[in-house]
Amino acid sequence: MLGIEKLLEKILHRQNTPKDQREEFDIDIKTKYVHGLLFYNSYFDKIVPALGKNTICFIVGGWIRDRLLNRPIKNKVDVDFLVTSDPFEIVKNIKKTLGKGSIFQFEKEKQVASIVFEEKNVRYRFDFSYLDITDIMNNKDLDFYDKEREIIKRLEEDLLTRDFTINAMAIVFDDAIGLGASETVLFDPSGGLEDLQEGVVRPVSYENIQNDPVRILRGYRIAQSIDFEIDKDFQKWVKKNTALLKKSPTERLRDEILKIFDNENTDSTVEKLIKAGVFQEIIPEIKEMAKIKNTGNFHKYTLLGHSLKTVENIETFLKKKKF
């Protein structure tokens, strides 16, 4: 059995090793424990009073994934929280505490409220989504420990509705607060930690992707940003289900594409999306481009190949420039 500390060391070592030199290793961890300090951010202490005494809060999603990978924190800090009280009231309280920030509310898979602010050229975004446990807390037949078990079960049910396993992990927020940080359970019902060690982006379920096809693009974008592979079965599924993207909101597709072009290795990611048939559903003109082959001795690449090469060269050029 591989201890969690050794596992994290191996995950970090693997992430810093070229793909063709990465070795596989076994994992056998039933209950996964990590130290909350690994996930700490100084602004978490500001969030505590905004939650109130009766709110249960979990940190979920990409922040958990990135901290387990020890990814460098650059000019953007995005953290997702799952809370058992009104998210909009929480972000209003945070704004009062900070004395700054823009807040907004929207419906995604559930009610979400966000606060965005800047500090020393770093943009912070904290998203709070609602976890309804009122039926559990109002059930007089349940004692304290029964309620605790039911809340954990409700949390794991929520995690199993998410997009990819490496985004479907959570910890208790209280265990990641400053001096109070302590060892905490890593809630991981879909095997995200195992997929982290394998370096693969795998859906929690295909039903979840089908319910929100924009997640197809998001999967390729996440793999691009953290240098992971796309699960082979997921690739096969995508090729058979690209038509689902036609039902997706245009603005959300646009946002994912812009994020892909904002990352490194854009050309290889776009090429993978074209091979999968994804980009053709979003930009139909690509289908016509692919039909045009070499048109003479002056053209080294096909029209589509030339376009991809242009993306690659622009990215190389921008890396050399200082803006």
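This is a working chat about a predicted model of a protein chain.

User: How many helices and strands does the protein chain have?

Analyst: The predicted model has 15 helices and 10 strands in the protein chain.

User: And what share of the residues is buried?

Analyst: Of the 323 residues in the protein chain, 44% are buried. The accessible surface comes to about 18,400 Å², and carbon and sulfur atoms account for 49% of that surface.

User: What share of the contacts with a separation of 6 or more comes from residues 24 or more positions apart?

Analyst: That share is 67% in the protein chain.

User: Pockets next. What is the volume of the second largest pocket?

Analyst: The second largest pocket has a volume of about 470 Å³.

User: Which residues lie nearest its centre?

Analyst: Ile-56, Glu-148, Ile-151, Val-172 and Asp-174 lie nearest the centre of the second largest pocket. They belong to a lining of 19 residues.

User: Which element gives the largest share of that lining?

Analyst: Helix H6, with five residues, gives the largest share. H6 covers residues 144-159. Helix H2 (44-51) and strand S2 (57-60) also each supply at least two residues of the lining.

User: How does the lining divide into nonpolar, polar and charged?

Analyst: The lining of the second largest pocket has 13 nonpolar residues, two polar and four charged.

User: Switching to Ser-129. Where is its place?

Analyst: Ser-129 sits in strand S6, which spans residues 122-130.

User: Buried or exposed?

Analyst: Ser-129 is buried, because its relative accessible area is 8% and the cut-off for buried is under 20%.

User: What does Ser-129 touch, leaving out residues up to four places away in sequence?

Analyst: Ser-129 touches Phe-81, Leu-82, Val-83, Pro-87, Lys-110, Gln-111, Val-112 and Arg-162. As for distance, the C-alpha atoms of Ser-129 and Thr-84 are 8.5 Å apart in space, with the two residues 45 apart in sequence.

User: Is Gly-219 buried or exposed, and where does it lie?

Analyst: Gly-219 lies in helix H9, residues 214-226. Its relative accessibility is 0%, so Gly-219 counts as buried.

User: How far is Gly-219 from Ile-209?

Analyst: Their C-alpha atoms are separated by 9.7 Å, and the two residues are 10 apart along the chain.

User: Now H12. Which of its residues are buried?

Analyst: Helix H12 covers residues 266-275, and Thr-266, Asp-267, Thr-269, Val-270, Leu-273 and Ile-274 are buried there.

User: Why do the buried residues line one face of the helix?

Analyst: Looking down the axis of H12, the buried residues fall within an arc of 165°, so they line one face.

User: What follows H12?

Analyst: Gly-277 follows H12, and its phi is positive, near 85°.

User: What about phi at Asn-70?

Analyst: Asn-70 is not a glycine, yet its phi is positive, about 55°. Asn-70 is in the loop between helix H3 (62-68) and strand S3 (76-83). Its relative accessibility is 51%, so Asn-70 counts as exposed, the cut-off being over 50%.

User: And Lys-120, what is its phi and where is its place?

Analyst: Lys-120 has a positive phi of about 50° and is not a glycine. Its place is the loop between strand S5 (111-119) and S6. Lys-120 is exposed, with a relative accessible area of 73%.

Key. Residues numbered from 1 in each chain as written. Predicted model: local features only at pLDDT ≥ 70, side-chain atom pairs only at ≥ 80, totals over all residues. Heavy atoms only, no water. Buried < 20%, exposed > 50% of the residue type's maximum accessible area, 1.4 Å probe, protein only. Helix = DSSP H or I, 4+ residues; strand = E, 2+ residues; numbered from the N terminus. Arc of directions from axis to C-beta. 1 Å grid on protein atoms, 1.4 Å probe; cavity = no way out; pocket = protein on both sides within 12 Å on 5 of 7 lines; lining within 4 Å. Points joined across faces, edges and corners; volume = space filled by probe spheres on them. Nonpolar A, V, L, I, M, F, W, Y, C, P; charged D, E, K, R; others polar. Contact = heavy atoms within 4.5 Å. Areas by Shrake-Rupley, 256 points an atom, 1.4 Å probe, with all protein chains shown as cover.
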